[in-house]
Every structure is written in C-alpha cells, then in structure tokens.
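User: I'd like to learn how to read a few features of a protein model. Could you take me through them one at a time?

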Amino acid sequence: MPSLDPAALSARLEAAFPAPERIPPEFRVDAKSYERMYLIGGELREWKGPVHEISSPICLRRNGALSRTVLGHVPQMDEAAALAGLDAAEMAWDHGRGKWPTMSVSERIDAVEHFVARMIEVRDEVVKLLMWEIGKSLDDSRKEFDRTVEYIRRTIEALKDCDRTNSRFSLDGGTIAQVRRAPLGVCLSMGPFNYPLNETYTTLIPALIMGNTVVVKPPKFGALLHQPLLEAFCESFPPGAVNFIYGQGSQIVGPIMQSGRIDVLAFIGSSRVADVLKHQHPRPHRMRCILGLDAKNPALVMPDADLDLAVAECLAGALSFNGQRCTALKILFVHESVAEGFLEKFSAAVGNLPIGMPWEKDVKLTPLPEFDKVKSMRAYLDDALAKGAKVVNPGGGTFCETLFFPAVPYPVSPAAELFSKEQFGPIVPVCPYRDEREFLDFVANSNYGQQVSLFGRDSRKMAELIDPLANQVCRINLNCQCQRGPDTLPFTGRKDSAEATLSVSDALRCFSIRSLVAAQAREESREMIRQIVAERRSSFLHTDFIL
Ligand code: G3H
C-alpha cells in the first residue's frame with residue numbers, strides 16, 4: 001500500500017495532476033468547433049450571444065501552479081432564446097397534430113435507429129468529454145456511453161413488443177375497442193451531472209420515441225458532451241421534435257415552467273429544485289412528473305456477514321465514481337461485534353484505491369467536478385468529528401484542489417449531518433448498531449426511500465427485514481451494493497427519492513397515456529374499422545405487426 005501519511009498523501013494528490021504536455025495525445029480535447037452550436041426547430045444554429053465557460057475538474061500544472069482547465073463554452077441563453085426552444089417543441093407537437101406525434105410507431109423506430117447509428121460514430125469524442133467535464137474514469141465513461149446505446153436498443157425492442165400487444169381489438173359487452181399508448185405533449189428533460197449522458201437519454205429517448213416533442217436542458221457539468229450529438233439529432237428527427245437549450249437553470253427554466261406549456265417534466269436532480277419547478281407551473285395537475293431525486297441508501301452489515309464480501313460491495317457501492325451516484329451507499333450500519341474487523345478491512349481497501357486522472361489505467365479516485373465540493377466534504381467531516389467521530393482510515397479527508405481522498409468517519413452520531421443528509425461524495429459514514437431495529441428506525445425516519453443493502457447469512461433474519469423494508473424503500477439488495485441496473489428492472493423511490501418508475505419498459509409507460517378507439521359492435525362500425533385498417537388510413541388504428 002502506498003504511504004497514507006497525510007503529508008505524503010497530500011504530495012501524491014498534488015502530483016496526480018499533470019502538466020499539459022503529459023496528457024496522452026489521444027485524450028486531449030478540442031471543443032472549439034461546436035461550442036457555440038445549439039439545436040432549435042430542426043436547425044443547427046450558431047449562438048452569437050454571451051457564453052458560459054465550461055471548466056474541467058482536471059487541474060493542470062502551469063508554471064508550478066494548479067488550476068482548472070477551460071474546456072470550452074456553451075451558449076448562455078436568455079429567457080427569450082430558451083422560450084424559442086419551447087416554441088419549436090410546441091410547434092412540432094401542434095396539439096398532437098404534428099408530423100412527429102402522428103407518425104407511425106415503426107417510422108419513429110426508424111428515426112431512433114438512424115440516430116443511434118450516428119451516435120456510435122462520435123463515441124470517442126463523447127467519452128473524452130465525459131472524462132474531462134465530470135472526471136469520470138475512461139472505463140466508466142465508456143460504460144456510460146455503451147449502456148446508453150444498449151438502453152436505446154432495448155427501448156426500441158420494448159416499444160415493438162408493446163405495439164404488437166396493442167395491435168389487436170377487444171370485444172366486450174358489445175363494445176369493440178383498440179387501446180394504444182399515445183404521447184403526452186411537450187416534455188422538458190433535464191439530466192444530472194453524474195450521468196449526464198445516460199440519465200438524460202433514459203428520459204429523452206423514451207419521451208421521443210413515444211411521440212412527444214422534447215426540450216433538453218443539459219446539466220451545468222456535462223453540457224459540452226451533448227454537442228457532438230446535435231448533428232445526429234438534427235438529421236434523424238423532424239424539426240422541433242428535439243431541441244437543446246443552455247443557460248442558467250434559474251434564468252431559463254423558470255420562464256419555461258411558468259408558461260404552463262410543459263406537459264411532462266423529466267428531471268433527475270435534487271428534490272428541492274424539483275419542488276421549485278413543480279410550483280412554477282400554473283396548473284401542475286396538467287404536468288406529469290418523472291423525477292429521480294435524492295437518496296441516502298444505507299447498508300446493514302450483520303454479525304454473520306461474509307466480511308470480505310461486505311467490504312468489497314460496500315467499497316464499490318460507496319465509492320464508485322467517488323460516491324457521486326444517487327444509488328451510492330451513503331451510510332453503513334455495522335454490528336458492534338464485527339465493527340472493528342470490518343473497519344480494518346474497509347480502511348485497507350480504501351487505502352488501495354488508485355488515485356489519478358480519468359484516463360489512467362484502473363484509476364478509481366478522480367477529480368470532483370462541482371465547485372467547492374472539497375470544501376463541503378470537509379465541512380461534513382468536521383461536523384461529524386465535532387460530534388464524536390474519528391476518521392478511521394489513514395489519510396482520510398486529505399485533499400488537493402479537486403481531489404479528495406475518501407474519509408471513513410466512525411462512530412457517526414445521529415446528531416451529525418452525515419447521519420441524515422446526502423453527502424454525494426467520497427465520505428463513508430459508519431455507525432455501530434446492536435439491534436436491527438435501529439436500522440429499521442433509521443430507514444423509517446429517513447427523508448429518502450430508494451434502496452438498502454443487507455449483508456448476512458441467516459435467511460430467517462433476512463426475511464424478517466425484507467418485509468418491513470419493502471414498504472419503506474423500492475429495492476432491497478441482498479449481499480450486494482445498491483444500484484440501478486440492469487435497466488430492465490424498475491428504478492424508483494419513495495418520499496424525497498423519486499416520482500414515477502423508470503426501466504426500459506416502464507419509461508415507455510411514463511411518457512405516454514392509454515388512449516383508445518371504441519365503437520358499438522354494429523355492422524356499420526365494424527365495416528368502418530375494417531376499411532380504416534385495410535386501407536391503412538390511420539397511424540393509431542391499425543393491426544400491423546412490427547417484426
Ligand atoms: O445516480 C444514479 C444512477 O441512476 C445510478 O445508476 O446504480 O447504475 O450507478 P447506477
């Protein structure tokens with residue numbers, strides 16, 4: 001294990017930042033060619049107004065000093081420019097009469113297939129920007145891209161499946177009917193900085209493919225990486241079906257919501273912002289919300305747990321992408337009889353995590369994108385220390401610029417902020433417990449209700465915990481970390497953690513509503529339906545079977 005003495009570790013963190021000439025040529029970025037580009041109404045336009053600077057958490061050493069790297073710029077739109085994006089989406093929707101919402105399902109599938117083929121062409125560019133904009137490792141950035149492509153392909157298959165099921169008529173009590181899923185209208189899609197590609201597209205693509213028109217507002221960190229894809233969107237979809245706007249959320253999203261013209265809000269971020277957005281809509285009952293919000297997923301390590309397995313899973317669960325996942329394990333409850341052994345192994349595992357720049361082989365700890373993140377991590381830690389905890393892992397909490405070496409504070413008091421607040425970063429609070437009821441009480445009193453992880457071998461004990469927990473959270477992970485995948489499983493939460501459920505097939509339901517054509521089964525009506533179907537006059541009322 002490398003030295004974790006604070007002075008040596010501090011020097012190691014500092015040395016991890018490279019001088020510009022030490023960046024491998026294949027990982028250098030040049031965002032200049034598309035930084036002012038935006039897509040509205042089917043046109044790729046060049047923004048002439050003020051721009052917003054995008055800087056990377058990867059600090060570079062110049063003349064002996066470290067500073068964030070300026071990667072490029074994106075448009076800093078004002079209210080009028082952002083509303084032009086909304087106008088374009090509304091025009092493309094045209095009260096449901098637009099080209100895109102009235103297109104047949106198979107034509108929409110063709111458009112998305114065309115898009116995905118073009119998307120793959122810019123994989124390397126997007127992966128590079130993921131690394132530079134949010135500090136995600138090369139491996140994880142590639143995984144994020146590939147997982148998104150796979151998600152789109154599965155979405156297409158799920159829609160075919162759904163359409164096949166609906167390509168039939170029902171006859172009940174003299175009523176003949178065909179039930180399908182129809183789009184909802186204009187959708188505003190806002191993804192988070194930690195999965196800026198994947199979590200934007202897991203709402204954007206289902207919304208689009210169901211026939212909605214979309215305005216996308218990329219996150220503050222993770223905005224540039226959407227730029228290489230704009231051309232593919234422009235080519236694949238009719239004008240206005242998808243539009244990208246950029247700028248400060250508080251300046252441009254408020255007016256869009258206040259206009260009352262958003263039918264679906266797809267937002268992954270904090271519950272505080274979600275509440276603000278919802279309240280800005282003049283008639284919130286008209287707006288369907290698909291929200292992925294805060295979480296504080298706890299793990300329970302019981303006395304009979306396989307400690308090596310629990311350590312490995314808790315490490316990956318708590319510290320993958322430096323703990324910046326909504327599904328991350330954000331607090332560990334370890335039975336007092338095994339706490340010492342667990343902490344020893346866990347601290348050693350944390351000490352072995354490779355630190356470096358995102359492109360370095362096997363790197364795990366990378367720079368944190370948010371401004372002042374290191375400061376807020378220190379503040380959480382200092383608060384826990386003032387309330388009785390100690391940092392049990394050597395070097396924990398040492399930092400340099402945007403690199404923060406993970407800290408494991410123990411025992412964390414219920415009075416400490418880390419006990420109940422979501423830290424969303426590289427701190428792993430640990431609490432000893434005596435009785436599993438303490439864990440159940442923690443979950444019941446928490447503001448969040450996404451997932452839990454349980455580590456133990458006693459099936460009777462597991463069953464006793466599963467039953468009450470299933471009514472408090474939405475996924476119980478047995479002897480493994482919390483996570484979203486595989487994407488065919490429902491991903492949701494209770495309380496402040498989510499609204500609506502996402503999975504490949506659930507998302508299609510979220511972004512659509514059941515709509516039907518019904519008639520009394522008289523001969524005239526039968527004949528009319530027969531004709532519409534035989535002559536293929538309707539995109540909605542038909543019996544085509546997509547192969
Ligand atoms: O940030 C929240 C993500 O949905 C987590 O997804 O569990 O696959 O990392 P993941």
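This is a predicted model: local features need pLDDT of at least 70, side-chain atom pairs count only at pLDDT 80 or more; totals for chains, interfaces and linings use all residues.

User: Let's start with a helix. Which residues of H16 are buried?

Analyst: The general idea comes first: an α-helix has 3.6 residues a turn, so residues three or four places apart point the same way. In H16, the buried residues are Met462, Leu465 and Leu469. They cover an arc of only 70° around the axis, which puts them on the same side of H16. On the other side of H16, Arg460 and Asp467 are exposed.

User: What covers the buried residues of H16?

Analyst: The cover includes E12, helix H15 (436-445), strand E20 (451-455) and E21. The N-terminal end of H16 has a cap as well: a side-chain oxygen of Asp458 lies 2.9 Å from the backbone nitrogen of Arg460.

User: Now a single charged residue. Is Arg484 buried or exposed?

Analyst: The step to take is to compare relative accessibility with the cut-off, as buried means under 20%. Arg484 has 7% relative accessibility, so Arg484 counts as buried. Arg484 sits in the loop between strand E21 (475-478) and strand E22 (494-495). A polar contact of 2.7 Å links the Arg484 side chain to that of Glu199. Among the other residues that Arg484 touches are Arg147, Tyr151, Gln451, Arg475 and Phe491.

User: Where is Glu144, and what does the side chain of Glu144 reach?

Analyst: Glu144 is in helix H6 (residues 138-166), and with 2% relative accessibility Glu144 counts as buried. The Glu144 side chain reaches the backbone nitrogen of Asn198 at 3.0 Å. Glu144 also touches residues including Leu130, Lys136, Tyr195 and Pro196.

User: What about the backbone: which peptide bonds are cis?

Analyst: The background here is that most residues other than glycine have a negative phi, and most peptide bonds are trans. Among the cis cases is the bond from Tyr410 to Pro411, with omega near -15°. Pro411 has its place in the loop between E17 and helix H14 (417-420). Another cis peptide bond joins Gly485 and Pro486, with omega about -10°, and Pro486 is found in the loop between E21 and E22.

User: Which residues have a positive phi although they are not glycine?

Analyst: Phe321 is one of them, with phi about 45°, and Ala500 is another, with phi about 75°. Phe321 lies in the loop between H11 and E13 and is buried at 6% relative accessibility. Ala500 is in the loop between E23 and helix H17 (504-510), and is partly exposed, with a relative accessible area of 30%.

User: Last one: how many cavities of 30 Å³ or more does the structure hold?

Analyst: Rolling a probe the size of a water molecule over the atoms shows where empty space is left. Here the structure holds three cavities of 30 Å³ or more, and the largest cavity has a volume of about 90 Å³. There are 15 residues lining the largest cavity, and the closest to its centre are Leu291, Gly292, Phe491, Thr492 and Ala498. Strand E11 (288-292) and strand E23 (498-499) are the elements that give two or more residues to that lining.

Conventions
Residues are numbered from 1 along each chain as its sequence is written. Side-chain values use heavy atoms; hydrogens and water are left out. Helices (H or I, at least four residues) and strands (E, at least two) are DSSP runs, numbered from the N terminus. Buried means under 20% relative accessible area, exposed over 50%, partly exposed in between (1.4 Å probe, protein chains only). A polar contact is a pair of N or O atoms within 3.5 Å; within protein, one must be able to donate a hydrogen and the other to accept it, and residues adjacent in sequence count only if both atoms are side-chain atoms. Contact means heavy atoms within 4.5 Å. On a 1 Å grid over the protein atoms alone, a cavity is a set of points where a 1.4 Å probe fits but cannot get out, and a pocket is an open set with protein on both sides within 12 Å along at least five of seven lines; lining residues have an atom within 4 Å of a point. Grid points are joined across faces, edges and corners, and a volume is the space filled by probe spheres set on the points. The arc is that of the directions from the helix axis to the C-beta atoms.
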